[in-house]
Amino acid sequence: MNEEWRRLAELIQRRTSFVVVSHKNPDGDAIGSSLAMGRILRKKGKQVEIFNATPIPGNFAFLPDADLIKPLKKGGCEVLIALDCADFQRTGFSNSVREEIDVVVNIDHHGTNTHFGDINIVDSNAAAVGCLVWQFVKYIDFPVDKNLATQIYAAILTDTGSFRYLSTTPKVLRTAAEILECGVNPWHIASNIYEERRFGTLKLLGFALSTLETYCDGKLALMCVTREMYKKTNTQTKSTEGFVNFARAVKGSEVGVLLREDEPSFFKISIRSKGSVDVSRMAVMFGGGGHKNASGCEISGSLNEVKEKVVWAFSKINDGRYSSHR
Ligand SMILES: [Mn+2]
């Protein structure tokens, strides 16, 4: 790993112009590590542009330098630093743009990373790309200011599920401790990210929670959001971010599902599992996809028809262990 950090440090010495990019629909790690890398380069007197293919969610707008993230500009550049991207497509740049870039640096922690860079700093054991950026900060002995520390803390906080996931190792907590010693305010960061939800959004969550049901001996928990609920609470589809986790949080459930009525008789389905259940198998039955613990698909029909289908799909991946739907 040190060899790769050395190559990156040398590259930064040599070059003057950089583009920093992360994946579309960016999460806290994507945003925090992009801002941190951008800040390091700027402080070193480099020309830096930070791009993202989609706008950053409002709850990350408080982060230092967040206004510097700009929509993706097509065309090549001297050096591209891609963060938290398992493959080049995730950056939003086309493959033809790849040809026009001198050097691509790939810093990531996905096990499925394709090593698409000229320099690849990929560690699937890292809890967040923010942890890798912190390693680089240490490696080059960079003087950390409070803003840089805040950006990296936000990256690690979000990708570890607020220090809850298995990735929360002693080393991660030591890193977090070092970051706190830079004067970071953990409550300021956590409250901005997690506790500034709009009134209407929480009312919508209330309506959604009131629809919670369990099936298949409690192993499947299901909740829904209808168009009428959006109207009553003056909210939009994007307000349902994170709702599905409440279905998964039901004690005894293995899978949580949110059925979201985006158009009349057209539902967007989010599926989450807790442990070993592979819910991507449920999603592909309806033309969707995703990961083992998080997947999604779209199903047309009335609410009851859609529910039936989801319950059927769950029974199916359980090898028909459940004959009854309730
Ligand atoms: Mn990440």
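Predicted model: local features only at pLDDT ≥ 70, side-chain atom pairs only at ≥ 80, totals over all residues.
**View 1. His110 and its surroundings.** His110 sits in the loop that joins β5 (103-108) to β6 (119-122). This residue counts as partly exposed because it has 16 C-beta neighbours inside 10 Å, while a buried residue would need 20 or more. Setting aside neighbours within four places in sequence, His110 is in contact with Ala86 and Ser124. Val129 is 19 residues apart from His110 along the chain, and the C-alpha atoms of the two are separated by 9.3 Å.

**View 2. The packing of helices α2 and α4.** Helix α2 spans residues 28-43 and helix α4 spans residues 129-139. Their axes are 8 Å apart and meet at an angle of about 20 degrees, so α2 is roughly parallel to α4. The crossing of these two helices is left-handed. From α2, the contact is made by Asp29, Gly32, Ser33, Ala36 and Met37; from α4, by Val129, Gly130 and Val133. Four of the residues in this contact are nonpolar, three are polar and one is charged.

**View 3. The largest nonpolar core.** This core has 55 residues, and those touching the most other members are Leu80, Ile81, Leu83, Ile152, Tyr153 and Ile156. Helix α5 (residues 146-159) gives the most to the core, with eight residues. Leaving aside neighbours within four places in sequence, Leu80 is in contact with Val19, Val21, Ile101, Val104 and Val105. Another core, of 33 residues, lies apart from the largest one; among its members are Tyr230, Val257, Phe267 and Met282. In soluble globular proteins, nonpolar side chains tend to be buried together.

Notes
Residues numbered from 1 in each chain as written. Helix = DSSP H or I, 4+ residues; strand = E, 2+ residues; numbered from the N terminus. Buried ≥ 20, exposed ≤ 12 C-beta atoms within 10 Å, placed from the backbone. Contact = placed C-beta atoms within 7 Å. Axes fitted to C-alpha atoms, helices over the stretch in contact; angles between N-to-C directions. Parallel < 35°, antiparallel > 145°, perpendicular 65-115°, else oblique. Left-handed = near helix turned anticlockwise from the far one by under 90°. Nonpolar A, V, L, I, M, F, W, Y, C, P; charged D, E, K, R; others polar. Core = buried A, V, L, I, M, F, W, Y, C linked by C-beta atoms within 7 Å.
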